[in-house]
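Subject: Structure for your attention

Dear colleague,

Please find the structure below, followed by an account of what was found in it. I would be grateful if you read the text with the structure open beside you.

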Amino acid sequence: MAYLKNTWYVAALSTEVGADELFHRKILGTSVLMYRKQDGTAVAMRDRCPHRFAPLHLGKKIGDEIVCHYHALQFDCSGQCTHNPHGEGNIPKAAKVQTFPLQERYGFIWIWMGDKAADPGLLPDYSPLDDGPPTGVGHTYMHMRANYELIIDNVMDLSHIDHVHGEIISTRGQLSPIVPQVRETENSVFARWEWKQTPPILVLAGFLPHPEKEARHFFDVTWMPPANIQLSVGGAQGDTPFEQGVGAYDLHTTTPETETSTHYFFATRRNHNIHDADFNAMKLQAMRDAFEKEDGPIIYGVQEEMETTDFFSLNPVLMSNDVAAVRARRLLARLIAKEEEGAGGSAAPAARTAAA
Amino acid sequence: MAYLKNTWYVAALSTEVGADELFHRKILGTSVLMYRKQDGTAVAMRDRCPHRFAPLHLGKKIGDEIVCHYHALQFDCSGQCTHNPHGEGNIPKAAKVQTFPLQERYGFIWIWMGDKAADPGLLPDYSPLDDGPPTGVGHTYMHMRANYELIIDNVMDLSHIDHVHGEIISTRGQLSPIVPQVRETENSVFARWEWKQTPPILVLAGFLPHPEKEARHFFDVTWMPPANIQLSVGGAQGDTPFEQGVGAYDLHTTTPETETSTHYFFATRRNHNIHDADFNAMKLQAMRDAFEKEDGPIIYGVQEEMETTDFFSLNPVLMSNDVAAVRARRLLARLIAKEEEGAGGSAAPAARTAAA
Amino acid sequence: MAYLKNTWYVAALSTEVGADELFHRKILGTSVLMYRKQDGTAVAMRDRCPHRFAPLHLGKKIGDEIVCHYHALQFDCSGQCTHNPHGEGNIPKAAKVQTFPLQERYGFIWIWMGDKAADPGLLPDYSPLDDGPPTGVGHTYMHMRANYELIIDNVMDLSHIDHVHGEIISTRGQLSPIVPQVRETENSVFARWEWKQTPPILVLAGFLPHPEKEARHFFDVTWMPPANIQLSVGGAQGDTPFEQGVGAYDLHTTTPETETSTHYFFATRRNHNIHDADFNAMKLQAMRDAFEKEDGPIIYGVQEEMETTDFFSLNPVLMSNDVAAVRARRLLARLIAKEEEGAGGSAAPAARTAAA
């Protein structure tokens, strides 16, 4: 399966990579080791010793360097072998581990898996996640047994909330009749829903002036490649403009593990009750439960039905609610095709949409 | 793997599809949803929404219609979309789910998976199963991790009872020396064994005049495509003709789930002690135990040895006891080849016998 | 995957095949039945009835013969069918099970899976294993989820002991700086390390005159095809020559089950404390623990990283410690290529090193 490579994916929550830990995760089918230098900077390299291919995460960290557990070759953060305990200790030129550029931003560690020079500017700006106290933001990770585009589909078509989700975030059938506004740019797809409902979305209602009365609501979703969806939600009552209402600024982002499994990362920053740590934890758990227990079974069911067959080859019946999701799929396909052409032209874009 | 398609397979026991249930099962590799209309009629359709391929069994039933859980498209029993809650509610022409004809007969729901018009007349007559009180008949379902033809082989060569089965149905070595009478027609293979044994088959013995003395016995098996075997067994003593003896009229029928797993359905109607519900339950459980605990390990062992290799390509050593089973395999192969030729000629019959 | 066929592999520990047992194991991808005749001689045949392919190990032993559980064909030790209970009892000419020559030597049952006549002389002489009381020798079996050559690599490069193993057999960093002496013949690769360490290897130290003082040590490993490694270890202090020191004579030998799983057999004979059954059991368990708990995770990690990709195609960075292991891999590859050429020339040697 072809992935967009010269781009940033989330590799881990910042909190997943502890000071003394050799953290490992398969990303785009490749085993990656991540750890922190003594100054706290995260580094990433292929989780495979170039000698006899032992996973480096089984080894140990000495200062900022990694020692392979099998035969004790030692590597620095640039992947260069710095010590060979064997024979006269000569270091073979080829004794180098591939490293991957990282950026640590917005509570996540982002990784660049491509062969071109990493471009920090390609990372979208999600700085509102950082804007406020830690009790007003939550980050979480979920492992999903489904292709990452099925999760993008899910978030880009929020009409499913009417039908799939329970009380806490129910939109009470109000989204589906709306044809969302959709805009597409060279590297983004945007959709917006605006509606009224009574009572308001429950996770917001308690912070509105009249928790049981009608509220105006909006959802904005902005997909940017490869798999980032910034979602904003808000509610207001009476003449209060949305800017002064209650709401949250969320990020849904997915990183392919394999063709049929995904690392799902989520962050949410709210503008109300921002100093309440208990509420913060409760809300984050409630969102996780919604994704895992309500979306999860459906997405897994779709995965089992589709297996690795290309979505469009199955002739999906598409409707007004699918516009944003379909545009994101098509834009991503074009970007991957373009990257593969640039890489030599031999990898036909069609290859990516064929069944495995 | 090629299956005979324009024919009837058992999809479920009648009792498996409850009044309020969305029952689903994979049949010939395809996910099928079954449920009952308010008038009790069973219907079947593909268990996949044509929109985004969510399994329909995750949804709910409203009257006689099904609502997909993901985005609430609603479908009637003909598979036609009747409600689209999205946008202006237009129903795309393509929004149709494939349906499958059903017949409910003899305690089973039979399904037609082929592309030709369903022909009710192709369902063999197993009406003796219906002839008598409910305490004189039993129906059961077993999931088997083996190709369905291995189960047909098992039942078409009853000589294995001498060697595989325990006391309750033991034939005490009397079947193997017999070369069964075998007859073949255009769409059936029949075999008959007649023998004497002391004591009689134990499950019948208690209902014979002299339970510990010699009895005459017979087995008749009639295979009809695709995978139905009607088995009759009887015992009599002295001058009593078989017609006045004790016996049972059984149906063994298998439905491929995948190339290596099978839905095994069994029904048995007896002509003795027909009002005894406890005996009925005990006998059915004993038969299940024989199939699962005695035949099962051998059939699974054969499956593991053969994997998906064609039976004949392994050059089996065939003997007098194999005649009926081999004729059934060969007739089924001819029927499948004929069906595939009729479907366009491009699918060579040989394809079906090649390893996967 | 291509294996060397006309050679001896260990099929089982002698103790695994009991007097009354139908023992079965998959060897080089083929199911094999082993049992003992009444005179104790072990025999091996394909674990598959030629009739309908039931595993013969599900059957029973009558005298020196095997009865298939499914339809009671009976086979003698040469694989010849001796009884057919069906019909008139004629025995089809083809009713023959493939048998495999065995030799029972050094506490192991060795099997010949090739198509050429078995050559007992090809079995290396490991008679020192037999030389001494039963309390001075141990034999054990471990199932490993890794390709067998990864285990050969492990034992042929003992420098890993410095880094992987715990106190009981630690070499305290002394092996890695040594470039072992390596010698290669037409059918063997030999390596020798000599060094000093304080304290001595702990499993030997207690039997040296000064358990806490420096000792001289050596390791000899001799690989012979297909997968036998004879390992000798010794320790001595002062002027005592190794011949009068303490040591052990071990055999590590592996038998492929599949391309990614291996039967690992180990035997160890020591020259000290040879009448102590408790020590014997403790030492064997300690060695097993070292292989399973210390080598195991690394070897499994390498297997997961490499999957079925050929070792050399991954361009391993090779160093002075790899010489013996690499020579064994290359010699084995040449022997397999030669055998395949001899078998007809159509199987190109390259085929064996391609990914599955």
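In this predicted model, the contact between chain A and chain C draws on 23 residues from chain A and 30 residues from chain C. Together the two chains bury about 2,200 Å², and 61% of that area is on carbon and sulfur atoms. Three residues of chain A deserve a look here: A:Arg52, A:Phe53 and A:Tyr70 supply 35% of the area that chain A buries against chain C, more than any other three residues.

Charged and polar groups also take part. Three salt bridges are counted between chain A and chain C. Ten residue pairs are in polar contact between chain A and chain C, counting pairs with both residues at pLDDT 80 or more. By class, the side of chain A that touches chain C is made up of twelve nonpolar, seven polar and four charged residues.

Two individual residues may also be of interest. A:His160 sits in the loop between helix H1 (148-156) and helix H2 (161-164) of chain A. Is A:His160 buried or exposed? A:His160 counts as buried because its relative accessibility is 2%, and the limit for that class is under 20%. Not counting residues up to four places away in sequence, A:His160 touches A:Asn154, A:His165 and A:Asp295, as well as B:Tyr70 and B:His71.

The second residue is C:Trp223, which belongs to strand S15 (residues 215-224) of chain C. Its relative accessible area is 0%, so C:Trp223 is buried. Leaving aside neighbours within four places in sequence, the residues in contact with C:Trp223 include C:Met156, C:Asn187, C:Val189, C:Ala328 and C:Leu335. C:Ile152 is also in contact with C:Trp223; these two are 71 residues apart in sequence, yet 8.4 Å apart in space, C-alpha to C-alpha.

Finally, please turn to chain B, where four strands form an open sheet in the order S5-S6-S7-S8, with antiparallel pairing. Strand S5 (60-62) and strand S8 (81-83) of chain B are the edge strands, each pairing on one side only. Strand S7 (residues 74-75) of chain B is joined to S8(B) by two bridges, and the two strands run antiparallel. B:Gln74 stands opposite B:His83 in S8(B).

Yours sincerely

Terms used: Residues numbered from 1 in each chain as written. Chains lettered and ligands numbered in written order. Predicted model: local features only at pLDDT ≥ 70, side-chain atom pairs only at ≥ 80, totals over all residues. Heavy atoms only, no water. Contact = heavy atoms within 4.5 Å. Buried area = accessible area lost by both parts, 1.4 Å probe. Salt bridge = Lys/Arg side-chain N within 4 Å of Asp/Glu carboxyl O. Polar contact = N/O pair within 3.5 Å; in protein donor to acceptor, adjacent residues only side chain to side chain. Nonpolar A, V, L, I, M, F, W, Y, C, P; charged D, E, K, R; others polar. Buried < 20%, exposed > 50% of the residue type's maximum accessible area, 1.4 Å probe, protein only. Pairing = 2+ DSSP bridges.
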